[in-house]
Amino acid sequence: MSFLKNLVCKECKREYEPGAVYVCEYCFGPLEAQYDYDAIASSVSRAKIQAGPLSIWRYRDFLPVTGNNYVSLCEGMTPLLKADRLAKKIGLKNVYVKNDSVNPTFSFKDRVVSVATTRAKELGFDTLACASTGNLAGAVAAYANVAGMQSYIFIPSDLEQGKVIGCGIYQPNVIAIKGNYDDVNRLCSELYSVYKWAFVNINMRPYYSEGSKTLGFEVAEQLGWRAPDRVVVPVASGSLMTKVYKGLNEFSRLGLIGKVETKICGAQAEGCSPVATAFRNKTDFIKPVKPNTIAKSIAIGNPADGYYALDIARKTGGCVEAVTEEEIIDGIKLLAGTEGVFTETAGGVTIAVLKKLAEAGKIDKDELVVVYVTGNGLKTQEALMYAIPKIPIIEPTLAAFQNIQE
Ligand SMILES: *Cc1c(COP(=O)(O)O)cnc(C)c1O
Ligand SMILES: [Zn+2]
């Protein structure tokens with residue numbers, strides 16, 4: 001049984017068959033999955049979800065697939081931690097950390113890739129591909145192996161070691177491009193029509209992006225079926241931010257949670273902050289930038305969904321804020337120091353934005369805030385070379401130890 005109706009253009013609302021297409025032929029607007037919500041209503045319930053698999057596939061009724069052969073590594077159902085020590089440090093009372101760094105390939109990309117791979121198989125593809133800022137590379141390579149598919153991974157040539165090895169171990173075809181992510185993405189946008197491959201974040205994007213809704217669903221379920229008052233979400237292309245919003249609203253529409261009044265806040269690094277800049281300048285125009293930041297996994301200078309992310313920030317009373325490189329490192333240390341979670345630089349960005357908003361008095365003390373940590377710290381160790389304390393090296397004697405204790 002499937003509730004996926006078709007794909008619809010976000011701009012002109014023209015409808016398309018749910019194939020490997022992502023852009024409207026008439027107006028070039030992005031295509032998005034559309035469902036039969038009446039049919040979902042007669043199928044879904046809290047009890048049914050709770051009895052489902054311990055993965056994103058417990059929300060299958062809301063995902064754009066038609067069969068039941070999921071390509072899954074048990075992604076999702078990651079911890080939602082009540083972060084009281086972190087909250088206290090920044091003067092808040094009710095903060096939760098959604099720790100998505102413990103997914104199968106150590107980032108939230110496993111959610112979107114599980115959905116895209118499942119759909120790619122349904123559509124008859126034998127090769128998966130992607131343009132990656134880093135985390136997508138590892139996820140696509142892993143899921144291709146599990147799906148019995150070939151994979152081609154395109155990355156910027158300056159990627160961190162942890163991401164290169166974390167992808168290479170799956171033995172995909174990896175090609176490093178002399179350029180930044182936007183260059184890689186441009187190349188892949190030419191390749192997908194020449195090679196008949198499923199580029200998860202290009203021609204499979206309408207399916208891929210729906211996987212991000214599960215970060216909204218899960219948080220609502222883990223909070224005891226309610227929407228948070230505010231979320232802080234990292235912004236790369238802007239897709240995740242729009243889909244957390246969509247997920248919460250779908251749950252509300254189906255009566256699984258009450259009214260959604262969540263303020264949606266986006267987080268970027270100053271070194272790549274086109275959406276935050278547009279928000280601050282009160283304009284709809286997102287001016288592309290050349291990224292220069294340690295938060296490489298969210299360094300997209302020309303964000304495909306930036307406009308929609310901006311719109312959601314504005315209409316929900318949220319914001320899009322940016323932080324410096326120093327604040328990112330401090331954010332990583334703050335999270336590790338208070339909650340024991342080691343995040344990559346993208347998580348440093350969301351923690352730092354949370355702190356910045358709290359300290360500026362822009363968050364009410366009692367608000368229930370969820371901050372998303374979307375990738376694992378072991379992937380971006382280069383950024384922390386000088387961030388950890390110097391370690392003393394001593395002789396194996398009592399005296400030598402006592403010596404350094406003074
Ligand atoms: C890809 C990614 C994001 C967000 O990506 P969007 O393109 O905005 O959906 C956030 N955090 C990490 C660690 C990522 O790898
Ligand atoms: Zn259109």
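In this predicted model, the four donor atoms around the zinc ion (ligand 2) subtend angles of 96 to 119°, and the arrangement is therefore tetrahedral. The cut-off behind that label is that all angles among four donors lie between 85 and 135 degrees. For reference, the ideal angle for four tetrahedral donors at a metal is 109.5 degrees. The protein donors are the SG atoms of Cys9, Cys12, Cys24 and Cys27, which lie 2.2 to 2.3 Å from the zinc ion (ligand 2). Along the chain, the donors of this zinc ion follow the spacing C-x2-C-x11-C-x2-C.

**The shell around ligand 1**

Which residues come nearest to ligand 1? Of the 15 residues around ligand 1, those that come nearest are Lys109, Asn135, Ser237, Leu240 and Thr374. Sorted by class, the shell around ligand 1 holds seven nonpolar, six polar and two charged residues.

| Residue | Protein atom | Distance to an oxygen atom of ligand 1 |
|---|---|---|
| Lys109 | N or O atom in the side chain | 2.8 Å |
| Ser237 | polar side-chain atom | 2.5 Å |
| Leu240 | backbone N or O atom | 2.8 Å |

Ligand 1 has 390 Å² of accessible area on its own, and the protein covers 97% of that area.

**Buried side chains with backbone contacts**

Thr262 is located in the loop between helix H10 (239–253) and strand E11 (263–269), and it counts as buried because its relative accessibility is 3%. The side chain of Thr262 reaches the backbone oxygen of Pro228 at a distance of 2.7 Å. Gln268, for its part, lies in strand E11 and counts as buried, with a relative accessibility of 0%. Here the side chain of Gln268 reaches a backbone nitrogen, that of Ala276, at 3.1 Å.

Where is Cys74 found? Cys74 is in the loop between helix H2 (46–50) and strand E4 (80–82), and although it is not a glycine, it has a positive phi of about 60°. Its relative accessible area is 55%, so Cys74 is exposed. Lys282 likewise is not a glycine but has a positive phi, in this case of about 55°. Lys282 lies in the loop between helix H11 (274–280) and helix H12 (306–315), and at 74% relative accessibility this residue counts as exposed.

**Separation in sequence and in space**

Arg226, found in the loop between helix H9 (214–222) and strand E10 (230–234), is partly exposed, with a relative accessible area of 34%. Arg226 and Gly258 are 32 residues apart in sequence, while the distance between them in space, C-alpha to C-alpha, is 6.6 Å.

The C-alpha atom of Ile332 is separated by 7.2 Å from that of Glu344, a residue 12 residues apart from it along the chain.

Gly255 is found in the loop between H10 and E11, and at 54% relative accessibility it counts as exposed. Gly255 and Asp182, which are 73 residues apart in sequence, stand 40 Å apart in space, C-alpha to C-alpha.

How values were computed:
Residues numbered from 1 in each chain as written. Chains lettered and ligands numbered in written order. Predicted model: local features only at pLDDT ≥ 70, side-chain atom pairs only at ≥ 80, totals over all residues. Heavy atoms only, no water. Near = heavy atom within 4 Å. Polar contact = N/O pair within 3.5 Å; in protein donor to acceptor, adjacent residues only side chain to side chain. Areas by Shrake-Rupley, 256 points an atom, 1.4 Å probe, with all protein chains shown as cover. Nonpolar A, V, L, I, M, F, W, Y, C, P; charged D, E, K, R; others polar. Donors = N, O, S within 2.8 Å, 3.2 Å for Na, K, Ca; no water. Tetrahedral: all angles 85-135°; square planar, octahedral: opposite > 155°, others 65-115°. Helix = DSSP H or I, 4+ residues; strand = E, 2+ residues; numbered from the N terminus. Buried < 20%, exposed > 50% of the residue type's maximum accessible area, 1.4 Å probe, protein only.
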